[in-house]
Every structure is written in structure tokens, then in C-alpha cells.
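Reader: I am new to this structure and would like to go through it step by step. Please show it first.

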Amino acid sequence: MSRDPVTDAPRLASRVWTVPNLLSMLRLLGVPLFVWAIVTERDGIALATLMASGVTDYLDGKIARSFGLSSTLGASLDPIADRLYIFTTVLGLAYRGIIPWWLVALLVGRDLVLSLALLAVRDKAHRGLPVHFVGKAATFNLLYAFPLLLMADGTGWVADVARPVGWAFTWWGVGLYLLSGAVYLRDLAALGAAGEGRTRAA
């Protein structure tokens with residue numbers, strides 16, 4: 001794979017119809033299904049959709065890396081799907097009273113701050129930011145936490161087991177999510193400073 005001469009990052013191909021991209025598209029199609037299921041308390045469908053999202057999230061990245069199928073579209077679709085699932089899931093769980101609304105504000109606020117920061121340096125970050133491991137780890141924890149929290153919204157031994165495990169994944173995920181936000185803000189600040197330095201040099 002060729003590399004960008006400016007950033008030294010791998011150049012992404014312009015392919016569209018690849019297996020990883022199709023998996024990401026499938027994940028996106030599951031978002032409205034999940035919203036309908038969780039609002040109408042069809043928890044079986046909601047759980048199945050979340051689990052399928054987690055599996056396809058793992059598979060699209062694994063296949064793209066293993067077979068050299070990374071693409072510009074895939075680099076955009078994957079984080080969009082992640083953000084949409086996190087956003088709709090926390091709203092749905094808060095609507096059902098499973099998680100507190102302040103937790104929603106914390107997660108959504110992180111993404112809002114990052115979006116505003118990205119807008120501030122949009123001319124210098126037109127290719128976006130590289131995905132950090134800590135960001136993927138945060139998403140992994142949250143996407144595993146949410147089905148467990150949904151399973152915990154009930155009685156019986158399954159709910160009793162799912163509750164502490166689900167909240168453990170939640171707090172790890174929230175912590176890593178905020179940490180990844182700080183990492184991205186650092187990268188954006190460095191990108192902005194580098195851009196200003198090149199402008200002055202010119």
C-alpha cells in the first residue's frame with residue numbers, strides 16, 4: 001500500500017464495493033431497526049441487532065487489514081456506524097431508565113467537543129484523524145456493555161450476572177472514551193500548530 005508523502009500515513013484506496021464496506025453498510029442499516037426495537041421494548045431484536053453490530057464491527061476491520069481492502073469509504077463508514085450505535089443506544093437506554101441521563105450527556109458531549117475541534121482545523125484535517133487503539137478499545141467496551149445492560153433490565157440469574165459485568169464494561173468504556181477524546185484533541189491541536197507553522201514558513 002502506498003503512503004501519503006505529507007503525513008506518511010497509508011493511502012486509502014477509493015474502492016466502494018468491498019466486503020468490509022458492505023459489512024459497515026449493513027451495520028448502518030441496523031441502526032433504525034435497533035431504535036425501533038429498544039423504544040418498543042422488543043429486547044430480543046434489540047439485543048440481536050447490537051450483537052450483530054459488534055460482530056460486523058470486528059469482521060470489517062479484520063478483513064480490511066488481512067486482505068488489504070482498506071478504503072477511504074470504509075475509513076468514514078466505520079466510525080460513523082460506531083458513533084450512531086453509541087448515540088442511539090445511550091439515548092434508548094436512558095429513555096428506558098436503564099442508564100442515567102448524565103451519562104448520555106458525558107458521551108455525547110465528548111463527541112460534540114471533538115466535532116467542534118475538528119471544524120476548527122478542517123482545512124488541515126481534510127483526511128480525518130487516524131483511529132487510535134484506545135478509541136477502538138473504548139468502542140469495543142461500550143458496544144459490549146450495552147447488550148449486557150439491556151439484559152440486566154429484568155429479573156433472574158441472567159440479569160443478576162449481566163448487571164455487574166455490564167456496568168464494568170460501561171465504566172471502562174466511558175473512561176477510555178474520554179481518554180481517546182483527549183488523545184484526539186491533542187492530535188488536532190498538533191495538526192493546527194503544524195499548519196500555522198507551515199503558513200508562517202511560507
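Reader: Is W101 buried or exposed?

Author: The model is a predicted one, and the value here is computed from it. W101 lies in helix α4, which spans residues 101-120. The cut-off for exposed is over 50% relative accessible area. W101 has 51%, so W101 counts as exposed.

Reader: Which residues make the nonpolar surface patch with W101?

Author: The patch covers about 420 Å². Besides W101, the residues that make this patch are V35, V39 and Y95.

Reader: Is L188 buried or exposed?

Author: L188 lies in helix α6, residues 157-201. Buried means under 20% relative accessible area. L188 has a value of 4%, so L188 is buried.

Reader: How far apart in space are L188 and A120?

Author: In sequence, L188 and A120 are 68 residues apart. Helix α6 holds L188, while residue 120 is where helix α4 ends. From C-alpha to C-alpha, the distance between L188 and A120 is 8.9 Å.

Reader: Of the 202 residues, what percentage count as buried?

Author: A residue counts as buried under 20% relative accessible area. L188, at 4%, is one of the buried residues. Of the 202 residues of the protein, the buried share is 39%.

Terms used:
Residues are numbered from 1 along each chain as its sequence is written. This is a predicted model: local features need pLDDT of at least 70, side-chain atom pairs count only at pLDDT 80 or more; totals for chains, interfaces and linings use all residues. Side-chain values use heavy atoms; hydrogens and water are left out. Helices (H or I, at least four residues) and strands (E, at least two) are DSSP runs, numbered from the N terminus. Buried means under 20% relative accessible area, exposed over 50%, partly exposed in between (1.4 Å probe, protein chains only). Patches are made of residues with over 30% relative accessible area and no salt bridge: like charges are joined within 9 Å, nonpolar side chains (Val, Leu, Ile, Met, Phe, Trp, Tyr) within 5 Å. Accessible areas come from the Shrake-Rupley method with a 1.4 Å probe; for residues, only the protein chains shown count as cover. A salt bridge is a side-chain nitrogen of Lys or Arg within 4 Å of a carboxyl oxygen of Asp or Glu.
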